[in-house]
Amino acid sequence: MKRFLLPCVCLIIFAALSASAQNWPSFRGPGASGVAEGQNPPTTFDATKSVNVRWKTPIPGLGHSSPIVWGNKVFLTTAVSSDPKPETRFGLYGDVAPVKDDPKHTWKVYCLDKTTGKILWERVAYEGLPKVKRHPKATHASSTPATDGRTIVALFGSEGMYAYDAAGKLLWKQDLGTLDAGWFYDPDYQWEYASSPVIYRGMVIVQADLQKDSFIAAYDLKTGKRLWMTPREEIPGWGTPTVYEGKTRAEVVTNGTKAIRGYDPATGKLLWWLAPNSEITTPTPVIAHDLIYVTSGYAPIQPIYAIRPGGTGDISLKDGKETGDFIAWSKKRGGPYMPTPVVYGDHLYTVSNQGVVTAYDAKTGERVYQERIAGKGGAFTASPCSSSAASTTSSASAKPPRRKRKPKLSHRGTETQREKKEEGLVGRGLSSSFHLASASRRAPSVQLSLKTSSLIFSVSLWQIFIPALKGTSLMFDEVSKPTVWYRSWPVLLVTAIVLPPIGLALVWMRRDFDLPLKALASVMLVALGAGYLYLIFGAGEDRYAALEQHRAQQKLAATGAQGPESQTPGVQTPPDAPGAAGDPAQQAASAAVDGQPSSDPNAAALGGAQAPAGGGRRNYWTNFRGPVRDGRYAEVTLKANLGAGLPLLWKQPVGGGYASFVVADGVAYTIEQRRAQEVVVAYQMETGRELWTHAWNAQFRESTGDGPRATPTWDAGRLYALGGTGELRCLDAKSGRPLWSKNILTDNGASNIQWGMAASPLVVDDKVIVQPGGTSGKSVVAYNKMTGAPVWRVLGDEASYTSPMLVTLAGRRQILAVTARRIVGLAPENGSVLWEHPWANSAGINISQPIVVSPNRFFISAGYGKGASLVEVAASGQALAARAVWENGSMKNKFNSSVLHEGHVYGLDEGIMTCVDVATGERKWKGGRYGYGQVVLAGGMLVVTTEEGEVVFVRPTPAQHTEVARFPALEGKTWNVPAIADGRLLVRNETQMACYKLTD
């Protein structure tokens, strides 16, 4: 199906602007400059209405590659999917997942007549299934071809490189292997290859920065034979190399995350390198004024470097310096994220993803001006090109204007072209022109053509406020400083978000906003303010009022005041379930709790819950994630028919927070946020009835959700509960009576961490172990469990969110503690460090629980790009030492933990269920998206709670991902870890809790 048109190649890269137009042989034209001298491109055009369009030619498929021009021929590439409606998305957004379904594709090369648009020939280079996935905004034909007039080289990434003569005859093809580029944090997020080939002196130079085995290589243009290849210690990037040819030597310059580098094009020898740089690199190096300009705009810095050629070795700047022997000038901020800059005359022009154009003096780095395109900006991800009339190309007339007479950027075309996905039309090559006019006689008159494959929002709040996108790190761009502070973009942005009423006033004070934009901004700011008021005063009030009403009616029902008014909103209790009205167990339980003798012989002393058949109760799930904190439940087998879901015993409202449950003597304990108090609550597990509460004034608030995080710990009739702000309480588990308390942060001179205290207390012998963190030698602390008196304090590490564990490794009983940067084994008696092992990711955030897999080995995982490791602890005399048996990216538990079953670890790798051979680290399979839910193991079955509140049963087998059953358990975001005891499954989130029967 001919789905997309190539709208007027003349608009794409000035191909048909003039009969005497120069050749445009590769990505961004001669020398990757993006400059077409002597042209006079139109500043008004409309591809859909054929305004200033010479011709249109339909081209099937998707392709982000740019056309190239030689003589009277235009060459371009495309990838045609067998799916009639391939998935594509445009604009600035934060979804990083690749396209889920990539069916069979056909990769093609086209040759068109530049004057008429007639297709002279088309060739099929490759057919088959794509070898890697693509980002929904990307295509499988993103690399621009290159030509020297005789040979046309088309690179299709993993599908190979192909060379044709001008008549379309295949000269050679070269398999470059699988070129897997994607998100460096997670190799499973494949985004496709996009670097373009460069032809230089009979060679084809290819840069391939990949998930592994990155390289730069040169191939013979005539035969395709590889001439040299140099490995690169790099992570994925999408930049195209540029060749600088100076008087004394040539240099192939490459952009890269770990370093910008220069190579000898004849041999591939590394000549020099420069760091630091962004973590994602896309812009291509640009040559002008005998300088090499390299930019990038992702975290942690967004640099602009003006590099002098001829460097040797490390030419990186010293701390605090902006210039050096081989650095003419530099800036740490302002580099564009995706568009490559352009140099015209004496000015370097950059365009941000948000449509901010900035002009710098190309020789000094002084900023000349900065302005949004048409005063509105938008979403720009392609690169600008430039051209001028012959009378305005003189470098002498291109001196920067005086600051008082800065040049003005005026949009002179039709409204900026948006990304389009209409039948027969795609944004490939659509151009948006703007004109650089100057108030100074010395300033140039330059026309820049910005090929944009975005600008999706014509009038929206995103054009006013820089996007804050989920899962991305698109950097804020500096915006030009206006004459008065109250019209500055930073003031408007911050004020509108923090104080919408004042932001509303500032919007109406801006003269550069038209009336429709002001009206839309006003509506959205009013809505934002109303939302703030509701979140502050309404949402929580409604929730807590419903919870309090439910508990009051529940208490009335338990004392016999039952009737129509006792039907509590928000609670579900099946009429035939244990604990339903009139049920003997419920009546006996209520009597026992109220201090009356029970007539039910199976009623327990506290809570009246029925004991398991055949004997007394065994308190089993008394710690976070089970008896040894490894997420395994092994008491009973599951019910036979899981496909029908689990019988619901009860469901009811709950206070906020992310804690789980512990269970003892038929009572489930958790900690919640209720209004401005943290509340420890005891619930009768069989009925959900609230037995007692203990509260204190404290409220941990954070953007991901408010409330306490750490699950209480039950030990010998006592409950140890830790709040989000560090308040530790020891309570009598039967009555809730407080026995002692400490604030572990203030008591140990520590500050709270980003998401609050989340590590559950660990009871070992006569001590309770907590992890306040801090640098004062008190980051892991043991208190006497009976009195709260400190026993020992050790380490000076920032806290993690991982709960300490009591384990035996290498024959030594020890506390396994994970801090923000390492794992340690501590002696329970005095806290002395037995061994340590580094364990840190880029964010310094550890959350996942370790799993002991053998007498001297444990498995551990972390998100934020870290991965997983099997660590061995071995004894050498009296000393212990740890080493990594293996470490890789096979499992990345972000804020959940895995479980072990028959030699394999099962867990959520950034939200996707994954199986890993624990002995080797080999990933066996990956499948099933459950979001940031949780996983436990029960009766030989994986019990998964999804982020959306479903319960899913997955069979733990290394052969394949097999989902057995699923059912909806809760409504809303569910991050809390489930708990299992006495054959009951307890689940909760910030608003609901429920109990299901796991057994027949």
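This is a predicted model: local features need pLDDT of at least 70, side-chain atom pairs count only at pLDDT 80 or more; totals for chains, interfaces and linings use all residues.
Four strands, in the order 12-13-14-15, make up an open sheet with antiparallel pairing. Strand 12 (198-200) and strand 15 (226-232) are the edge strands; each has a single partner strand, so one side of each has no neighbour in the sheet. From one strand to the next, the twist averages 20°. Within this sheet, 3 bridges connect strand 12 with strand 13 (residues 203-208) in the antiparallel sense. Ile199 has Val204 of strand 13 as its bridge partner.

Of its 7 residues, 5 are buried, so strand 50 is largely enclosed by the rest of the structure. On one hand, strand 50 pairs with strand 49 (residues 805-809) over 5 bridges, in the antiparallel sense, and here Leu806 is found opposite Ile815 of strand 50. The hairpin formed by strand 49 and strand 50 has 2 residues between the strands, and Ala810 in this hairpin adopts a positive phi near 55°. On the other hand, strand 50 is joined by 4 bridges to strand 51 (residues 822-826), again with an antiparallel run. In this pairing, Ala817 faces Val824 of strand 51, and the hairpin that leads from strand 50 to strand 51 passes through 3 residues. In general, the strands of a sheet pair through backbone hydrogen bonds, in either a parallel or an antiparallel arrangement.

In total, 22 aromatic pairs are counted. One of them is formed by Phe859 and Trp886, whose ring centres are 6.3 Å apart and whose planes meet at 50°; the pair is therefore tilted, given that planes under 30 degrees apart count as stacked and those over 60 as edge-to-face. Phe859 belongs to strand 54 (residues 857-862) and Trp886 to strand 56 (residues 879-888), so this pair ties together parts that lie 27 residues apart in sequence. Both partners are shielded by the criterion of under 20% relative accessible area: Phe859 has 1% relative accessibility and counts as buried, and Trp886, at 8%, counts as buried too. Elsewhere, ring pairs bring Tyr658, Phe895, Tyr932 and Trp975 together in a cluster.

Rings also take part in arrangements with lysine side chains. The charged end of Lys866 is placed over the ring of Trp839, at 4.7 Å from the ring centre. Likewise, Lys894 lies over the face of Tyr864, and here the distance to the ring centre is 4.9 Å.

Turning to a helix, helix 3 (residues 500-509) has Pro500, Gly503, Leu506 and Val507 as its buried residues. These residues span an arc of only 110° around the axis, so they fall on the same side of helix 3.

A polar atom of the Ser81 side chain lies 3.0 Å from the backbone nitrogen of Asp83.

Definitions and conventions. Residues are numbered from 1 along each chain as its sequence is written. Side-chain values use heavy atoms; hydrogens and water are left out. Two strands pair if DSSP finds at least two bridges between them. Axes are lines fitted to C-alpha atoms, for helices over the stretch in contact, and angles run from 0 to 180 degrees between N-to-C directions. Rings of Phe, Tyr and Trp (its six-membered ring) pair if their centres lie within 6.5 Å; planes under 30 degrees apart count as stacked, over 60 as edge-to-face and the rest as tilted. Buried means under 20% relative accessible area, exposed over 50%, partly exposed in between (1.4 Å probe, protein chains only). A charge sits over a ring if NZ of Lys or CZ of Arg is within 6 Å of the ring centre and within 35 degrees of the ring normal. The arc is that of the directions from the helix axis to the C-beta atoms. A polar contact is a pair of N or O atoms within 3.5 Å; within protein, one must be able to donate a hydrogen and the other to accept it, and residues adjacent in sequence count only if both atoms are side-chain atoms.
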